[in-house]
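Let's take a friendly walk through a protein model. Have the picture ready and follow along.

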Amino acid sequence: MAMRKNRLLEWPLCVFVVYAFSVYPVAGQVRYSIPEEMTLGSFVGDIAKDLGLDPQRLVAGRARIFSAGDSEYVGLDREKGQLLVKERMDREQLCAEMPACSFSFDVILENPMELFRVTVEVLDINDNSPVFPKREIELEISELAVPGARFSIENAVDQDVGENALQKYMLNPTDHFNLNIQGSIDDRKHIEMVLQKPLDREKTKHHYLTLTAVDGGDPQRSGTVQIHIVVLDVNDNAPAFSQATYKAFVPENAAKGTLITTVSATDADEGSSVNIEYYFEHATKRIQELFTIDPISGEVRVVGDIDYEKNKQLQMKIKAKDHGGLTDSCSVVIDVIDINDNIPKITVMSFSSALPEDSVPGTIIAMINIQDLDSAENAEITCSIHNNLPFKMESSLSNYYNLVTESVLDREQTAEYNITITAVDGGSPPLSSKKTLSLKISDVNDHSPQFPQESYDAYVFENNVPSRSFFSVSATDADRGSNARVSYFLEDGSLNGAPLSAYLTVNSDSGVLHAVKSFDYEQIKSFKINVKAQDGGSPPLSGNVTINIFIKDENDNVPQVLYPVQTSGSLVAEMVPRSVDVGYLVTKVVAVDVDSGQNAWLSYKLKKTTDRALFEIGLQNGEIRTIRQVTDKDAVKQKLTVIVEDNGQPSRSATVNVNVAVADSFPEVLSEFTDITVDREYDNNLTFYLVLALAVVSVLFIFSIIAIVTVKIYRWRQNRLFYKSAANLPVIPFHPPVYPDGTLGTLQRVYNYEVCGTTDSRMSNVKFARPYSQNTLVDVSCMGTMQRENREQENADVDGEQNPANNDWRLNQQGQRPGPSGAGPHPEGAGGVVAGTGPWPNPPTEDEQIQALMAAANEVSEVTATVRPRYNAQFPMQHVPDYRQNVYIPGSTATLTANPQQMMSQPALQGPPQAMPQVDVPNAAQTPASKKKSTKKDKK
């Protein structure tokens, strides 16, 4: 399981790294330790948590891993922010015999650009057993070998390291030999077998031993080898190398067969030196691939390709063996000399292929890593780009470079850049490499649509066909894509009180102007509009252009003659005396044409009717003049037809007749022109309407006269009818009331008659019914129709004064009774009731009678409920109304007021009235029958 061990860079160091090497934030380095041989997908570390980043930052920043090597052992899960095993890791393959094995990679974030260094240490596990180079080792030892003699043994190899590496050897049996290990167990030079007892070839010619190598892993692993010892006859001295260690230097890429060094060993035995054999001891596969040794001469030569980048130093052991089987060994150390044989390797870690044109200087475009496997000055890199580009290279961390903008970009000038990055090392001769990046500048809406001109002049003929195009505008936008898509709009405005859209429209895509309706030059000669071109950017930009639209005149109006005026009912003639000279100005024809230009240029000419023309007309001015002397043969009546023609295409013309009288006096002219037939064109429809209107007015007038006469006759008959019926009205008898104190009042008995009538006074009928009550007082002097009463009231209001009360009715101060204005005071000493002395001095008129009757009819129902308690004969005297002031007539809204002079002289009524002698009630409007009765009473 993965463990996070420590961080190599603390925050202060990280800050230093930011300011010293980088132009973007660097959080530091993270180190993880994991065992080798982990399965794919195993957890390595929580990179987001360890770096203090939000997992969303990894997603938004498009976090990814960059490794300089070809293999990528660790992958990144951006969603979870975790590092996972991506490839199988074998520590022995990664680091071979190196005790500490680790690899590093970078985690790159964008927006903003950030770089994090991650180091993963691969821990060794005991997955390898000690292995001897050979399964069996054969040693030839002389029987004369003395105890203590040492014999070198090929040691075992364990690829594991640390505790899992080789820890000890065990030899079995140990009756003749034992192991002598000096120094570290893994030092191959010091693994030797030491002879403990002398060997006796006659007893045992062959000895078999088992050498076991054991590591320190858990569980332990071991490897064995069989040692076969052959006992030889006498060989006193072993070979000996002149040097224990040989050192040599070889340049990398040395040619095959190159001599590196020569080893040499000598033997003290006579003739033995000639028989010494050389060979590699414990040679690895790599050594065997690169070098070879001559067994006789001891020359070490190159047989493979030496690469400084793979092996900077090579070590090998060479063993010398004589004919007697005695051996010696030495070490050869070969240092590889680096030559500049590797070109710089350019790796693009991050690159934005599109960059907005509004990017500020210093914006990072690409992050580049350059590796040179050479060393020293051969690995010193110089990175550059072309000087004419608005970019530059900036060095950040070691071997890391940033491609940034140096100045402002403009897509409209350069839309794409091909940036060639050149990396040159410091070798001799120097090697270089190039990398080309294609950068596209993305558009920003920084240009508004532009018209080629600030204003345009457009022309359209009047009477044009609606919806037909007559002009177009076009604007260009230096941007691209939607930012360059231009739409056209007509700006708001008005013309003659109507919006411009009522006259024309503009196509939003093409900018073509269309007329909505026909134009009339005589109404509109020119006007201006503003067309706006707007792009599709966000926010949109726009440009305006002014279009002056001129209406071109067409010859659509005929000339109009202003003089002479043509009338249908009168005859106008120009008089020309017979004695006039040639060139005499008779008259001038004046005409106008509402068109313009050549369409309004008028020309005048006469329509010739005779061969000997007397007059001519000016072609341009319309002046009619004589062209010769007047002769007796020339007729008095001259009728000239003038044609007025304009200059349009096609031309239009009008004609006018000019009457000319050739005479010296007016009577002569009059006599000649009496029989002239004047052209009269009457409008038949107008004449018909005039006659019809006259007939209708006449009929209406006659009917109005008849209606007025009928109404007058009807009213006169109604008035006569009421006047006649007034003479037959019954006499209202008068009986003074009897009061409780025994005295007689003014009125003894009252009769009430029922009168019925319609609301229309002209349709009213009077009905005399039997008396049903004795408490109603009827004033027959106030009879009349309601219509007449209302009319009299209106007349009174107009006069500004109120009609005075009837003087025929007022209260008698002494007798407390109503009486005529001519009645005298009560005679003293007269007892009983004093009867009237005669008829009423002012008999009621016909109108007053009708008014009283109609008023009684309108309020007949109210009379019964109101007047009965008021005038009851048994009602006490103190409740009798004060007749000195007002007299109330039942059934009428009229009020009879006493004479103001009498009211002033009469004192207020105090206490109950005194008993008065009875008097006779005056007869009201005596009829012929009542007159006879009155005469008899007078006689009595």
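## Strands that pair

Two strands pair if DSSP finds at least two bridges between them. In this predicted model, strand S9 (residues 136-142) and strand S15 (residues 222-232) meet that condition with seven bridges, and they pair in the parallel sense.

## An open sheet of four strands

Now turn to another part of the chain. Which order do the strands follow in the open sheet of four strands? The order is S43-S50-S49-S46, and the pairing is mixed. Strand S43 (573-576) and strand S46 (602-606) stand at the edges with a single partner strand each, so one side of each has no neighbour in the sheet. On average, and with direction ignored, neighbouring strands of this sheet are turned by 30° against each other.

Take a look at the pair made by S46 and strand S49 (residues 637-646): they run in the antiparallel sense and share five bridges. Within S49, Val644 stands opposite Tyr604. While you are looking at strands, here is a handy rule: in a regular strand, side chains alternate between the two faces of the sheet.

## Salt bridges across the chain

How many salt bridges does a search of the whole structure find? The search finds 19. One of them joins the side chains of Glu37 and Arg88, with 2.6 Å from N to O. This pair links distant parts of the chain, 51 residues apart: Glu37 sits in the loop between strand S2 (29-35) and strand S3 (43-46), while Arg88 sits in the loop between strand S6 (82-85) and helix H4 (91-95). Glu37 is partly exposed, at 26% relative accessible area, and Arg88 is also partly exposed, at 49%.

A second salt bridge brings together the side chains of Glu114 and Arg57, at 3.0 Å from N to O. Glu114 belongs to strand S8 (residues 114-123) and Arg57 to helix H3 (residues 55-60), so the pair ties together parts that are 57 residues apart in sequence. Are these two partners buried or exposed? Buried means under 20% relative accessible area. Glu114 has 12% relative accessibility, so Glu114 counts as buried; Arg57 has 18%, so Arg57 counts as buried too.

## A local pair and a network

The side chains of Glu299 and Arg301 also meet in a salt bridge, at 2.9 Å from N to O. Glu299 counts as partly exposed, with 24% relative accessibility, and Arg301 does as well, with 30%. Some salt bridges share partners, and in this way Glu37, Arg88 and Asp90 are joined into one network.

Finally, which residues make the nonpolar surface patch of about 570 Å²? They are Phe701, Ile702, Ile705, Ile706, Val709 and Ile713.

Conventions:
Residues numbered from 1 in each chain as written. Predicted model: local features only at pLDDT ≥ 70, side-chain atom pairs only at ≥ 80, totals over all residues. Heavy atoms only, no water. Patch = residues over 30% accessible without salt bridge, like charges linked within 9 Å, V, L, I, M, F, W, Y side chains within 5 Å. Areas by Shrake-Rupley, 256 points an atom, 1.4 Å probe, with all protein chains shown as cover. Salt bridge = Lys/Arg side-chain N within 4 Å of Asp/Glu carboxyl O. Helix = DSSP H or I, 4+ residues; strand = E, 2+ residues; numbered from the N terminus. Axes fitted to C-alpha atoms, helices over the stretch in contact; angles between N-to-C directions. Buried < 20%, exposed > 50% of the residue type's maximum accessible area, 1.4 Å probe, protein only.
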